[in-house]
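Please look through the structure below before reading these notes, which are meant for someone meeting it for the first time.

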Amino acid sequence: MPPLPPLLGALRAPTDPPGATPPNDPGTPRAFDAALGDAELRSARAALTQGRWQPVRSLLLHTGDDWDRRGHRLTVLAAEPYAAAWARQWQLAEPGSADAATLLALTVVHRALRGKDDPGRARAACRTAAALAPADPTPWLGLLLLAAALGSTTELLGTFARLRERHPEHHHAHHLLLARLAEWPGGGRAESHEVYDLAEQAAADAPADSPLALLPVVAYAERYRVLAVTGLASADPAATGHWSGPRARRILRTSFDWWLEWEHDDHPRRHIDLNHLAFAMSCAGRSAEATALFQHIGDQATPAPWSYPQRDPRTAFRTARARALRGTA
């Protein structure tokens, strides 16, 4: 079986070379930006790259216990090359700051995932941050990032459970769990796999307006990634039939209906959900629904799932969008 690509990859994808995006194609980003349209986050990130950590302090103070937004902002900030140095400067100024400790912990996690630091040191940093803020799931998100990429199944499930005690609807955590569980063997039939069952159960257990309603769509994309990389599905997601079975059709219909009724314009990771839903609708040949989603995505495309399996995500996004527009012309 061919090796699977890394689950996580870089949380902030590299920019395109000059000229890679056609100038008359404003709907496609010139660079995938993990900030996902969060203007306050982009401003604080720019300040951090200049060595000013005070705007980051203000941003996190303002974020408060909006746990999904806090996790999103901290993981993006931690990916900056000099974030660790400035987090240490912040700690010197405020030795008891849980925010500074969490930022530093996630920078060490990022380095460990890139093979530039010791995973044990990253885990210790996360536990230190968790002790300073016992109610905050974000240090546990750092531990879950490590477990998803490097840990055992026992570590993964145990860490997820501890995080979920603090925030049962944690969006990023559920996505990490599904991506890893999609790699489990099994699923004798096309629409039979434990990751589908888990995603549907989590969606059913969440409140009606929770973005976790779209987890079954994410599960289908992650399972397709695994099947395609291992040669069990076509490398062309639109030609696999992966989204054509009765279970898939039911999930797509339910998910699109949920989006029409409940879409959260203020959710920090909503563009990830929109891209997954647009990807699924495109692959299923549902041009009208896909076109509506592409209009809401605008230039906020995300690398996953358009990169599945090991494709150039910009090209895949542009191709799918053009095909959807042709289908509704």
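1. In the contact between helices H1 and H2, Glu-40, Leu-41, Ala-44, Ala-47 and Leu-48 of H1 meet Pro-55, Val-56, Leu-59 and His-62 of H2, where contact means heavy atoms within 4.5 Å. By class, these residues divide into seven nonpolar, one polar and one charged; Ala, Val, Leu, Ile, Met, Phe, Trp, Tyr, Cys and Pro count as nonpolar, Asp, Glu, Lys and Arg as charged, and the others, Gly among them, as polar.

2. This is a predicted model, in which local features need pLDDT of at least 70 and side-chain atom pairs count only at pLDDT 80 or more, while totals for chains, interfaces and linings use all residues. Residues are numbered from 1 along each chain as its sequence is written, and side-chain values use heavy atoms, with hydrogens and water left out.

3. The axes of H1 and H2 are 8 Å apart and the helices pack at an angle of about 150°, which makes H1 roughly antiparallel to H2 (angles over 145 degrees count as roughly antiparallel). Axes are lines fitted to C-alpha atoms, for helices over the stretch in contact, and angles run from 0 to 180 degrees between N-to-C directions. Helices are DSSP runs (H or I, at least four residues), numbered from the N terminus.

4. Within H1 (residues 39-49), Leu-41, Ala-44, Arg-45, Ala-47 and Leu-48 are buried, that is, under 20% relative accessible area with a 1.4 Å probe, protein chains only. Because they cover an arc of only 160° around the axis, they are on the same side of H1, the arc being that of the directions from the helix axis to the C-beta atoms. The buried residues of H1 pack against H2, H3 and helix H4 (83-93).

5. The axes of H2 (residues 54-63) and H3 (residues 67-78) come within 9 Å and cross at roughly 160°, so that H2 is roughly antiparallel to H3. On the H2 side the contact is made by Val-56, Leu-59, Leu-60 and Thr-63, and on the H3 side by Arg-69, Arg-70, Arg-73, Leu-74 and Leu-77; five of the contact residues are nonpolar, one is polar and three are charged.

6. Two cis peptide bonds deserve a look. One runs from Ala-304 to Pro-305, with omega near 10°, and Pro-305 is placed in helix H15 (residues 303-306). Another joins Tyr-308 and Pro-309, with omega about -10°, and Pro-309 is found in the loop between H15 and helix H16 (313-328).

Notes:
Helix = DSSP H or I, 4+ residues; strand = E, 2+ residues; numbered from the N terminus. Parallel < 35°, antiparallel > 145°, perpendicular 65-115°, else oblique. Buried < 20%, exposed > 50% of the residue type's maximum accessible area, 1.4 Å probe, protein only.
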